[in-house]
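Work through the exercises below with the sequence and the structure open beside you. Try each task before reading its solution.

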Amino acid sequence: MKKQEIPYKVYLEEQEMPRQWYNVRADMKNKPAPLLNPGTLQPMTAEELGGVFCEELVQQELDNEHPYIDIPEEVFDFYRMYRPSPLVRAYCLEEKLQTPAKIYYKFEGNNTSGSHKLNSAIAQAYYAKKQGLKGVTTETGAGQWGTALSMACAYLGLDCKVYMVKCSYEQKPFRREVMRTYGASVTPSPSPTTKIGQKILSEHPQTSGSLGCAISEAVEVATSTEGYRYVLGSVLNQVLLHQSVIGLETKAALDKYGVQPDIIIGCAGGGSNLGGLISPFMGEKLRGEKDYEFIAVEPASCPSFTRGKFAYDFCDTGMVCPLAKMYTLGSGFIPSADHAGGLRYHGMSSTLSQLYHDGYMKAVSVKQTSVFEAAESFARVEGILPAPESSHAIRVAIDEALKCKETGEEKTILFGLTGTGYFDMYAYEKFNDGKMGNYIPTDAELQMGFAGIPKFPGNEF
Ligand SMILES: *Cc1c(COP(=O)(O)O)cnc(C)c1O
């Protein structure tokens, strides 16, 4: 009978889509710590940030006061091409698990770039265009962010220079070609085209690259090329703000049916999809209106929340970016070569880090073979081939649903299904061949990363 109560797709009409983003910082008593200038250790001013980022994005980055910020008309029109994204009641998964839990997922993989990253890419590209810039630079790891940004830049007629982590550049040629098809230039990082790239290459000629290193290169090019700024696909406050469209749509659709989730789960790389999904719900919790259990899921091989330090740290390997206070494994941390599931950034959004530190949300880490097992079960019953990143959330949603099976509780579980896994078939192949490992860093290995966290008065950890 329950199938008639709530449809398989919990629809939101186009005219019901949110017209404003929600800024959760406005409702936080303890605001996220400001970005610091690595030279002076003073908070970065709007002027300093303006050398790297677009003006309006700097305003959004620094805005801890305004709860709602208008979505520009042009961005809204672009959203209408692929949003609202589907919110699905996972009846088939519930049946397979034989759980009394009610499971919902918000699917962000329904656009060509294949993930939620397009939500922020179009906003950032729009503000760059509005400022009259020629183009933007960025880094990409697995390639989703670079693809999303290429699409957004093509739409607005902006130049897009992507520094792609070298091992992904080589392992994911199709991602690279999608970006080039949208007109972006893609350079494997580290590259000889930047000073920092030359330095890293001379010290580590065999390196396969890292996100932190690609960020340094992209920032160097943006700050040394006229008419360019740097854009980042996660971690920053502005990105969480744009991604709040995920949570706002979800909440509007659930409210229509009088559904209130008990548990909200998301995977956490730099924190943008999780932050975006939970923001409006977190706002209610912060204002004391409602209560929810929030769970961040991260790989056991890159455990920033669960084993990291809460401290000011560098966002990039080259140490050219501002310092951010966050849960971090140290900017020199690189997950083991065995790691295949994404979510490999060493740090975490400052906003989510503060909320986690203050006890508003939980975090768990999961082993990668258990993540791919969950991905496979999910694909077989719900049809969607999930991204490995998203599958971290699937894992914990299944675990929570199985707990309900034991206790008989009819909890409502919501999770973010951030993208599709079509470009991750090497990882799936490894799993299908039984060749995937579960390497977990030792305390001694993590200690090497922590040793690189800058030491200065007030930054004890
Ligand atoms: C980038 C990405 C993530 C992780 O990034 P967050 O900023 O933590 O959201 C998760 N899932 C997919 C599909 C991604 O592309």
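**Exercise 1.** Which residues touch the most other members in the largest nonpolar core?

Solution. The model is predicted, and its largest nonpolar core holds 74 residues. Within this core, Trp21, Tyr79, Phe305 and Met361 touch the most other members. Next, look at where the core residues come from. Helix α6 (residues 118-130) gives the largest share, eight residues. Then turn to the domains: the core draws at least three residues from each of domain 1 (9-17 + 82-114 + 244-450) and domain 2 (47-69 + 115-230). As background, nonpolar side chains tend to be buried together in soluble globular proteins.

**Exercise 2.** List the residues that Tyr79 touches, leaving out those up to four places away in sequence.

Solution. Tyr79 touches Met17, Trp21, Ile71, Asn119, Ile122, His242 and Val245.

**Exercise 3.** Find which parts of the chain the salt bridge between Glu14 and Arg80 ties together.

Solution. Start with the pair itself: the side chains of Glu14 and Arg80 meet in a salt bridge at 3.2 Å, N to O. Glu14 lies in the loop between α1 (2-5) and β1 (20-22), and Arg80 in helix α4 (residues 73-82), so the pair links parts that are 66 residues apart in sequence. Now check accessibility. Glu14 is partly exposed, at 36% relative accessible area, and Arg80 is partly exposed as well, at 38%.

**Exercise 4.** Do the corresponding analysis for Asp27 and Arg287.

Solution. Their side chains form a salt bridge of 2.9 Å, N to O. Asp27 sits in the loop between β1 and α2 (46-50), whereas Arg287 sits in the loop between α13 (272-286) and β10 (293-299); the pair therefore ties together parts that are 260 residues apart in sequence. Asp27 has a relative accessible area of 22% and is partly exposed. Arg287, at 37%, is partly exposed too.

**Exercise 5.** Is Arg395, the salt-bridge partner of Asp399, buried or exposed?

Solution. The closest N and O atoms of Asp399 and Arg395 are 2.9 Å apart. Both residues lie in helix α17 (residues 388-407), four residues apart, about one turn of the helix. Arg395 has 12% relative accessibility and counts as buried, because buried means under 20%. Asp399, at 30%, counts as partly exposed.

**Exercise 6.** How many salt bridges does the structure hold?

Solution. The structure holds 26 salt bridges.

Terms used:
Residues numbered from 1 in each chain as written. Predicted model: local features only at pLDDT ≥ 70, side-chain atom pairs only at ≥ 80, totals over all residues. Heavy atoms only, no water. Salt bridge = Lys/Arg side-chain N within 4 Å of Asp/Glu carboxyl O. Helix = DSSP H or I, 4+ residues; strand = E, 2+ residues; numbered from the N terminus. Buried < 20%, exposed > 50% of the residue type's maximum accessible area, 1.4 Å probe, protein only. Core = buried A, V, L, I, M, F, W, Y, C linked by side-chain atoms within 4.5 Å. Domains from an automatic or database assignment. Contact = heavy atoms within 4.5 Å.
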